[in-house]
Amino acid sequence: TTQIYAGNSTSGAYFWGVQQEAGQFASSYIPTTTGSVARTADSCIRTLGSEFSATAGTVVVAGRASGGQAVGIGQCVWSLWTDVNNRYTYVRPSASDVARLTINNGGVNQAILDATFTNSASFKAASAWVANDFATTINGTAVLTDGAGTLPAVAVLGLGELGDTSSTMNGHILRFDYWPTRQTNAFLVSAST
């Protein structure tokens, strides 16, 4: 717990990757030299290929929620999207503890299913969809469903943000799995437990 060490002129200590941050939790390693460095948020954006199904899907994501609520913009855990009007998103909305699955097609919300994040806590969330059948759960809780809606055409996967590099998560993703089929609700509970 000592933050200052005077040394004894004979022993030594080597540190790599040590960083002190003003935030509520540590971010990923930021390489520096003698001065502070600002960098953009960690992100992963990928153009979808033949592995993606336009008719059904399931996502299971494990990670750690952000340390608190962001004001002004949501924190996106993952997104499958073409634009803001055609997307699947798993997001923590602005100034909220909600864990929200949103499916939007042509600018019309097809499903909005809300669970709850716990600040700085580990989570596992599972979501699945096929036309007229949407579901999500977090940490093995009861599956939330919506039985009406169409699917958007999407082209990009974004991890830790929307596919346009906005709405960064400010948390950590440990694992992301995708299936090109609509898994059962029992599977969603099991996979998120």
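Predicted model: local features only at pLDDT ≥ 70, side-chain atom pairs only at ≥ 80, totals over all residues.
Leaving aside its neighbours within four places in sequence, which residues is A135 in contact with? The points below take this up after a description of the whole chain.

1. The protein chain has eleven strands and one helix.

2. Extent and burial. Along the principal axes, the C-alpha atoms of the protein chain fill a box of roughly 70 × 30 × 30 Å. The chain has 193 residues, and buried residues make up 38% of them. Its accessible surface comes to about 10,600 Å², and carbon and sulfur atoms account for 54% of that surface.

3. Contacts and charge. Taking contacts in the protein chain between residues at least 6 apart in sequence, 63% join residues at least 24 apart. The side chains include 9 positive and 11 negative ones. The centres of these two sets lie 5 Å apart.

4. A135. This residue has its place in strand β8. With a relative accessible area of 0%, A135 is buried, because the cut-off for that class is under 20%. To return to the opening question, the partners of A135, leaving aside neighbours within four places in sequence, are L101, L113, A126, S127, A128, V143, L144, T145, R182, N185 and L188. A135 and Q183 are 48 residues apart along the chain, and their C-alpha atoms are separated by 9.7 Å.

5. G57. Strand β2 (residues 56-64) holds G57. Its relative accessibility is 0%, so G57 counts as buried. Leaving aside neighbours within four places in sequence, G57 is in contact with S127, A128, W129, Y178, W179, P180, T181 and R182. From G57 to T116 the separation is 59 residues in sequence and 22 Å in space, C-alpha to C-alpha.

6. The cavity. How many cavities of 30 Å³ or more are there? The count comes to one. About 40 Å³ of space lies in the largest cavity. The residues that line the largest cavity are A65, S66, Q75, V77, R92, F117 and M169. Rolling a probe the size of a water molecule over the atoms shows where empty space is left.

7. V77. One of the lining residues of the largest cavity is V77, which lies in strand β3 (residues 75-83). Is V77 buried or exposed? V77 counts as buried, because its relative accessibility is 2%. Apart from neighbours within four places in sequence, V77 is in contact with V61, Y90, V91, F117, F123, G158, L159, G160, E161, M169 and I173. F117 and M169 are both contacts of V77 and lining residues of the largest cavity. V61 and V77 are 16 residues apart in sequence, with 8.5 Å between their C-alpha atoms.

8. Positive phi at A95. Although A95 is not a glycine, its phi is positive, at about 50 degrees. Most residues other than glycine have a negative phi. A95 is found in the loop between β4 (86-92) and β5 (98-105). A relative accessible area of 45% is why A95 is classed as partly exposed.

9. Positive phi at N132. A positive phi of about 65 degrees is also found at N132, again not a glycine. N132 has its place in the loop between β7 (122-130) and β8 (133-138). N132 is partly exposed, because its relative accessible area is 46%. The backbone angles at A95 and at N132 can be looked at together in the model.

10. G149. The loop between β9 (144-146) and β10 (156-159) contains G149. Buried or exposed: which term applies to G149? G149 counts as buried, because its relative accessibility is 11%. Not counting residues up to four places away in sequence, G149 touches Q110, A131, N132 and F134. One of these contacts, N132, has the positive phi described in the previous point. Between G149 and F134 there are 8.2 Å in space, C-alpha to C-alpha, and the two are 15 residues apart in sequence.

Methods:
Residues numbered from 1 in each chain as written. Heavy atoms only, no water. Helix = DSSP H or I, 4+ residues; strand = E, 2+ residues; numbered from the N terminus. Buried < 20%, exposed > 50% of the residue type's maximum accessible area, 1.4 Å probe, protein only. Contact = heavy atoms within 4.5 Å. Areas by Shrake-Rupley, 256 points an atom, 1.4 Å probe, with all protein chains shown as cover. Lys, Arg positive; Asp, Glu negative; His and termini not counted. Charge placed at Lys NZ, Arg CZ, Asp CG, Glu CD. 1 Å grid on protein atoms, 1.4 Å probe; cavity = no way out; pocket = protein on both sides within 12 Å on 5 of 7 lines; lining within 4 Å. Points joined across faces, edges and corners; volume = space filled by probe spheres on them.
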